[in-house]
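Hello,

Here is the structure I said I would pass on. My notes on what was found in it follow below.

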Amino acid sequence: MNFISKTKADFKVVGTRVPRPDGVDKVTGRAMYGADITVPGMLTGLVLRSPHAHATIDKIDASKALALPGVKAVVTCDDLGVPEDASLRDVQDNCLARGKVLYHGHAVAGIAAIDMATAKKALKLIEVSYTPLPHVTDVDAAMADGAPVVQEGRADESVPAGSHPNVTTMQEFGHGDLDAGFAKADKIISRSFKTAATHQGYIEPHACLASVGTDGKADLWCCTQGQYFVRELCAGIMGMATSQLRVTASEIGGGFGGKTTVFIEPVALALSRKTGRPVKIVMTREDVFRATGPTCSSSIDVKIGMTNEGRITAADAQLRYQGGAFPCETVSMGAQSAFAAYDLDAVRTQGWNVLTNRPKEAAYRAPGAPMAIFAVESVVDELCQELGLDPLKTRLLNAADAGTKSSYGPTFDQIGLKATLQAALEHDHYRAPLGENQGRGISCGFWFNFGGNTCVSLNLNFDGTVGITEGNPDIGGSRAAISMMAAEELGIPYEKVRTIVADTNSLGHNDVTDGSRVTFAVGLATIEAARAAIRVMCERAAKVWGIDPDAVVWEDGCAKPSGPNAGAFDPMSIEEIAASASDTGGPIAGHYEVNAEGAGVSFGVHIADLEVDPETGHTQVLRYTVFQDAGKAVHPDYVEGQMQGGAVQGIGWALNEEYIYGEDGRLENAGFLDYRVPVASDLPSIDTVILEIPNPGHPYGVRGVGETPIVPPLAALANAASRAIGARMTELPMSPPKLLAAIMAKG
Amino acid sequence: MKNIHVSTKVNGDEMEFICPPDETLLDALRGRMGLSGAKEGCGTGDCGACTVVMDGRVVASCLVLGAEADGAEITTVEGMSTGDTLHPLQQSFIDNAALQCGICTPGILVAAQNLLERNPDPSETEIRYWLAGNLCRCTGYDKIIKAVQIAAAEMRGA
């Protein structure tokens with residue numbers, strides 16, 4: 001397949017499967033994660049959390065805890081400043097509750113002691129008087145008249161008058177005449193769906209070590225997806241100048257969006273400031289479940305009209321997401337994503353964010369999109385069933401393409417959806433036979449991708465090797481990808497480049513590692529930084545040769561005279577230029593700073609085969625294939641890994657994972673035993689097909705790949721289950737009791 | 001209660017330490033012996049990130065007391081490689097991109113090594129069930145299973 005592109009297409013390093021630079025550290029136990037650092041004089045910090053779903057805090061008495069030998073300090077929200085910025089205030093109030101606890105697990109106080117045993121003992125001695133309040137944890141219940149109000153006065157101007165105070169935002173996207181569109185349809189299906197909140201489930205709990213000096217200068221080591229954002233949040237909460245807080249990101253043991261904000265870091269800083277000693281806090285797994293993450297749970301209505309030939313004539317969706325106890329805008333991304341895969345004349349999506357007595361939602365891989373697309377792709381699948389249409393061909397007939405006005409507004413540039421659908425249609429998985437009680441489901445998926453603020457510094461060493469400093473934690477193999485793009489551009493071997501992740505004082509601001517932005521944006525900045533260094537190297541060679549710098553070109557790691565008129569000089573290698581740098585003007589470097597745009601949207605298509613046991617409702621995923629456009633796969637192994645890992649997280653979301661709340665508003669399954677993520681024996685091999693439709697917004701055509709893979713599995717598995725049992729599944733997770741109930745109900 | 005004196009052998013080295021009676025082996029390894037390769041992911045034996053081998057058995061070191069290590073032989077991920085020579089499993093994990101964030105990797109390597117000592121030629125299903133106690137949230141397990149199969153074949157000289 002040929003694609004028109006101005007991007008580079010012939011590569012030597014990019015596209016190969018080189019070993020990862022952090023590999024040896026990670027297979028030998030040498031890598032340092034959040035909880036692995038210790039320093040002399042360090043205290044152990046713990047956080048006291050609310051046993052109630054909703055209550056006023058009447059009094060906190062820490063006197064008994066402080067009287068225990070070895071206890072050095074207790075902090076509450078009173079030990080922090082009060083930021084004017086409402087969003088910063090929300091982050092702060094989530095880290096240490098102010099006046100009210102808003103969910104089961106909400107942090108109330110922090111304690112620092114000489115060791116864990118003392119800290120645990122002391123935590124039980126902090127006396128908190130609460131007055132319990134009525135609570136609400138379900139999104140539809142929270143919008144109903146008379147529902148308990150989680151927070152007063154948090155609705156923004158988008159919310160229509162008369163809405164329940166728990167509604168904080170309302171957004172609408174779309175174009176065209178819906179009534180006229182539905183009038184053209186031969187078949188209209190309306191369905192309602194519900195999805196449970198799921199947790200990112202990173203294996204590494206949040207951990208940090210804070211050290212504040214008496215001069216006010218502070219250092220923070222933490223596992224995070226964005227050390228610069230941590231610095232801004234913590235400095236704001238602590239009332240410090242940003243420059244006085246240096247944040248270093250540890251190796252990160254998974255994040256998936258869930259480590260893009262702070263939970264314990266301001267508490268550790270406040271305890272360190274109060275004690276004058278370093279304080280380390282490591283969350284327990286129970287606290288991770290109770291007080292971080294999860295994604296939104298949702299309630300969604302979808303209505304789609306289709307002709308007998310399979311053309312969608314109109315599409316409408318209402319999305320209600322609960323984002324927990326503080327306002328969030330994830331529903332906006334859900335509403336924008338819902339119909340993004342389709343070229344539609346008439347489309348509308350409306351989204352409401354709703355407060356509940358649950359932990360504040362944190363980003364989780366393509367936040368907001370999986371559940372929206374689950375609902376839409378389920379209705380598309382049902383229409384195909386009802387009209388006797390092939391589900392892949394029907395999607396191809398309606399697929400968005402270059403030039404399509406998207407359902408959320410912008411017109412698409414070069415995109416890979418049709419190619420991806422075509423690849424799925426031609427794959428042998430799509431034609432493989434199925435047995436009894438088995439179903440095949442397919443779904444499209446979409447994610448925006450992102451660029452954002454990015455800085456890269458590239459330094460040429462005197463031996464001709466290269467050091468790169470970038471500002472994003474390596475969460476998905478980015479050090480390898482960055483080194484590869486630098487090697488590619490410079491024309492040197494990959495092994496001659498070492499990429500490190502900077503602390504916040506060593507490089508300018510970098511946005512959080514989210515939006516699948518790193519390989520795209522940091523890669524783009526790396527290529528430009530390499531080009532800046534190449535310009536300097538060409539100038540140095542020109543200086544040595546006594547010719548104009550414009551008469552020098554860079555090829556295969558060497559400066560060369562450009563043509564016969566430039567003079568007959570032998571090529572000067574990067575090693576020679578580096579070795580003489582001292583004599584030609586000094587050290588050589590290249591920098592690039594950008595707020596990167598042109599990330600390029602991403603599409604994927606998944607095919608899932610599922611068997612449902614009609615006696616028990618137990619499911620077994622039999623076969624699974626992921627098709628996705630990577631733009632350009634810089635390291636195909638890591639792209640495949642993202643596709644496989646995202647698919648499996650989606651499989652967990654579809655089949656097992658859910659936050660379960662009791663009538664008392666308490667989370668009942670805050671552990672990996674009862675919150676069941678997929679294990680190796682649950683799964684088949686996850687097959688992958690990478691497509692490469694270059695993104696014109698990147699010099700090498702790269703698109704983000706990390707988030708799209710979690711979008712299609714929810715619908716792919718729901719469609720597979722629905723076809724296997726002959727009844728439409730509309731609630732996730734499709735745990736055995738729900739499937740069994742659906743089987744029994746159809747008789 | 002009084003602290004307990006423990007004599008043990010870790011990765012072939014004689015080690016002694018003193019710990020409270022309720023301290024886990026995981027905390028003793030990480031806090032007293034400086035071996036931070038084993039990680040705490042859950043503290044309840046459900047994730048496998050803290051997997052070590054104790055007297056030939058795969059254990060979740062968060063569920064074993066440090067005191068129970070007295071007289072035992074323990075292998076952690078730090079004991080898998082020799083100098084700059086990686087164990088074939090370690091090398092295979094790098095070669096086959098079987099790790100992403102890497103936090104589960106030490107536990108999975110230790111568990112996989114123990115499997116291959118018991119069964120040098122496990123089927124894919126056997127590997128999947130053996131590693132079912134080791135959660136990985138990044139990879140979807142696919143490349144992990146393949147890396148174990150490839151290392152097993154290499155170790156058999158196949």
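Between chain A and chain B, 25 residue pairs are in polar contact, with both residues at pLDDT 80 or more; the model is a predicted one. On the side of chain A that touches chain B, the elements giving two or more residues are α1 (23-28) and α19 (636-655) of chain A. Of these, α19(A) gives the most, with nine residues. That side of chain A divides into 24 nonpolar, 15 polar and eight charged residues.

In terms of contact, 47 residues of chain A meet 42 residues of chain B. The two chains bury about 3,500 Å² between them, and 58% of that is on carbon and sulfur atoms. In chain A, the residues that lose the most area to chain B are A:V27, A:I203 and A:A680, which together make up 20% of what that side buries.

Five salt bridges cross the interface of chain A and chain B. In one salt bridge, the side chains of A:D36 and B:K39 meet at 2.5 Å, N to O.

Over all chains the count of salt bridges is 54. A:R17 and A:E640 form a salt bridge, with the closest N and O atoms 3.2 Å apart. This pair links distant parts of the chain, 623 residues apart: A:R17 is in the segment before α1 of chain A, and A:E640 is in helix α19 of chain A. A:R17 is partly exposed at 45% relative accessibility, whereas A:E640 is buried at 13%.

In chain B, B:E23 forms a salt bridge with B:R32, the closest N and O atoms being 2.6 Å apart. B:E23 counts as buried and B:R32 as partly exposed.

Finally, a network of salt bridges links A:R20, A:D22, A:K26, A:E251, A:D474 and A:R479.

Regards

How values were computed. Residues are numbered from 1 along each chain as its sequence is written. Chains are lettered from A and ligands numbered from 1 in the order in which they are written. This is a predicted model: local features need pLDDT of at least 70, side-chain atom pairs count only at pLDDT 80 or more; totals for chains, interfaces and linings use all residues. Side-chain values use heavy atoms; hydrogens and water are left out. Contact means heavy atoms within 4.5 Å. Buried area is the accessible area (1.4 Å probe) that two parts lose on being put together, summed over both. A salt bridge is a side-chain nitrogen of Lys or Arg within 4 Å of a carboxyl oxygen of Asp or Glu. A polar contact is a pair of N or O atoms within 3.5 Å; within protein, one must be able to donate a hydrogen and the other to accept it, and residues adjacent in sequence count only if both atoms are side-chain atoms. Helices (H or I, at least four residues) and strands (E, at least two) are DSSP runs, numbered from the N terminus. Ala, Val, Leu, Ile, Met, Phe, Trp, Tyr, Cys and Pro count as nonpolar, Asp, Glu, Lys and Arg as charged, and the others, Gly among them, as polar. Buried means under 20% relative accessible area, exposed over 50%, partly exposed in between (1.4 Å probe, protein chains only).
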